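Subject: Structure handover

Hello,

Here is the structure I promised to pass on. Please open it first, then read my notes below.

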Amino acid sequence: MPQTLSRALRIRLAHSDALRQCLTDAHWISGLHAVFLSPEGEVLGAYPRKWDHPFCNLLRKQSVQHLPCSHCEWSRGDLPTVDLSAPACPALLTSLVHEIRVENQLVARIALMSYREAHRDLQACQSAWIRLARESVAISWNEWKAAWNATVCLNENQVAALRRWLRLAVQEVMKELDTDPRLRGREPALPGLVHRTCAIVRQHYMQPLRLSGIAEQCGVSAEHLSRVFHQSTGLRFRDYLAEVRLNEASRLLMEENMRIAEVAESVGHNSLSRFNRAFKDYTGMTPGAWRRRARSRHWNRDEGTGEPDNPIPE
C-alpha cells in the first residue's frame with residue numbers, strides 16, 4: 001500500500017465514530033488508557049483524553065526530570081507523541097500494543113497503557129522503589145505501594161484475551177469504514193475502477209498521465225473517476241500519482257548511479273526545478289541530501305564505513 005493511501009486510511013480512522021467507540025470500549029473493558037497512534041508515535045486519538053496514572057503522578061510531584069517511560073512522557077500532557085521504544089518504566093509497567101497493518105505495511109497502532117504484569121509480585125515492586133531511592137527520588141514506600149495496588153494488573157490470559165478482542169474490534173472498525181478489508185483476509189474492497197487506475201499509474205508513471213486519459217481507457221468520464229477515486233481513498237488522483245513517482249525516485253536515488261536530472265526525467269518530471277520542489281515537500285530534503293543520507297546509512301550498516309568508492313553524480 002503506497003504511503004499516501006496509508007495516510008488517507010489513517011486519517012479516515014482517526015475521524016471515524018467507530019474508532020472512537022473502539023477506544024472508549026477498550027478503556028472500559030481493560031481499565032487502561034486507550035491511545036490511537038501513527039507509525040511515528042503521533043497521538044491521533046485517545047480515551048480518556050487526559051489520563052493520570054498513579055505512578056506518573058508520584059514522579060511528577062518529585063519533579064523527576066528524566067521521566068523515562070513512554071506513558072510518563074505522554075501523561076505530562078505537553079507532548080503530541082508517544083515513544084513506544086522508550087526505556088522501560090521505572091515502576092515495571094508495560095503497555096499492550098496492537099498494530100493495524102494493510103499489505104504488511106504498518107498503518108497505525110492502538111496502545112493500551114499501562115498495566116502491571118501479574119507475575120511481578122510486591123517484592124519486584126519494592127526492588128523498583130529501592131532503585132529510584134538510590135537515585136535520590138524521595139517517594140515513600142507507602143506511596144509507592146499504594147500506586148502499585150491502584151494499577152491495573154493483568155495476567156497472561158487476560159492480555160491474550162485483550163489482544164483477540166482488539167483484533168476483532170479493529171476488523172469491525174474497518175468494516176464500518178467500508179475500506180480495504182485485507183485485515184480480514186478477504187478480497188480488496190476498493191472498487192475495481194480504483195484498482196485499475198492504480199495499476200495503470202504504477203505501470204506508466206514515467207509517462208505523461210492525465211486523469212482524463214485514464215478515464216477514457218476505463219470507459220468512464222473524468223468526473224466520475226475523480227469522484228470514485230476520492231471517495232474510496234480520500235485522495236486526489238494527482239496526489240497518488242505524485243507519490244508513486246516520488247517513491248520510485250527515492251529508489252533510483254538510492255540504488256542507481258544516475259544524475260538527479262535523469263532520475264527526474266525517468267519518473268515523469270520534465271522540469272528539474274519542479275521535481276526538486278516536489279521531492280523536498282515529500283521528504284523534507286533535497287534529492288541530493290536524501291541520496292547522501294540514504295547511501296551513508298546503507299554503507300554504515302553493511303560495511304561499517306560511510307564513504308563510497310565511486311561518488312554518485314548529482
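**Helix 11 and the pockets**

Helix 11 gives the second largest pocket five lining residues, the most of any element. Helices here are DSSP runs of H or I with at least four residues, strands are runs of E with at least two, and both are numbered from the N terminus. A pocket is found on a 1 Å grid over the protein atoms alone: it is an open set of points where a 1.4 Å probe fits, with protein on both sides within 12 Å along at least five of seven lines. Lining residues have an atom within 4 Å of a point.

Two notes on the source. This is a predicted model, where local features need pLDDT of at least 70 and side-chain atom pairs count only at pLDDT 80 or more, while totals for chains, interfaces and linings use all residues. Residues are numbered from 1 along each chain as its sequence is written, and side-chain values use heavy atoms, with hydrogens and water left out.

**Second largest pocket**

This pocket holds about 220 Å³ of space. A volume is the space filled by probe spheres set on the points, which are joined across faces, edges and corners. Ten residues line the second largest pocket. Nearest its centre are Arg-238, Asp-239, Ala-242, Glu-243 and Leu-246. Helix 1 (3-14), helix 11 and helix 13 each give two or more residues to this lining. The lining has four nonpolar, one polar and five charged residues. Nonpolar covers Ala, Val, Leu, Ile, Met, Phe, Trp, Tyr, Cys and Pro; charged covers Asp, Glu, Lys and Arg; the others, Gly among them, are polar.

**Largest pocket**

The largest pocket has a volume of about 400 Å³. Its lining counts 16 residues, with Arg-245, Gly-268, His-269, Asn-270 and Arg-274 nearest the centre. Helix 11 (237-255) and helix 13 (272-283) are the elements that give two or more residues. Helix 11 again gives the most, with four. By type, the lining splits into six nonpolar, five polar and five charged residues.

**Helix 11 itself**

Helix 11 has 19 residues and spans 28 Å from first C-alpha to last. That is close to the 27 Å expected at 1.5 Å a residue, taken as 1.5 Å times one less than the number of residues. Its buried residues (under 20% relative accessible area, 1.4 Å probe, protein chains only) include Glu-243, Arg-245 and Leu-246.

**Whole chain**

The protein chain has 14 helices and five strands. Of its 314 residues, 45% count as buried.

Best wishes

Terms used:
Buried < 20%, exposed > 50% of the residue type's maximum accessible area, 1.4 Å probe, protein only.
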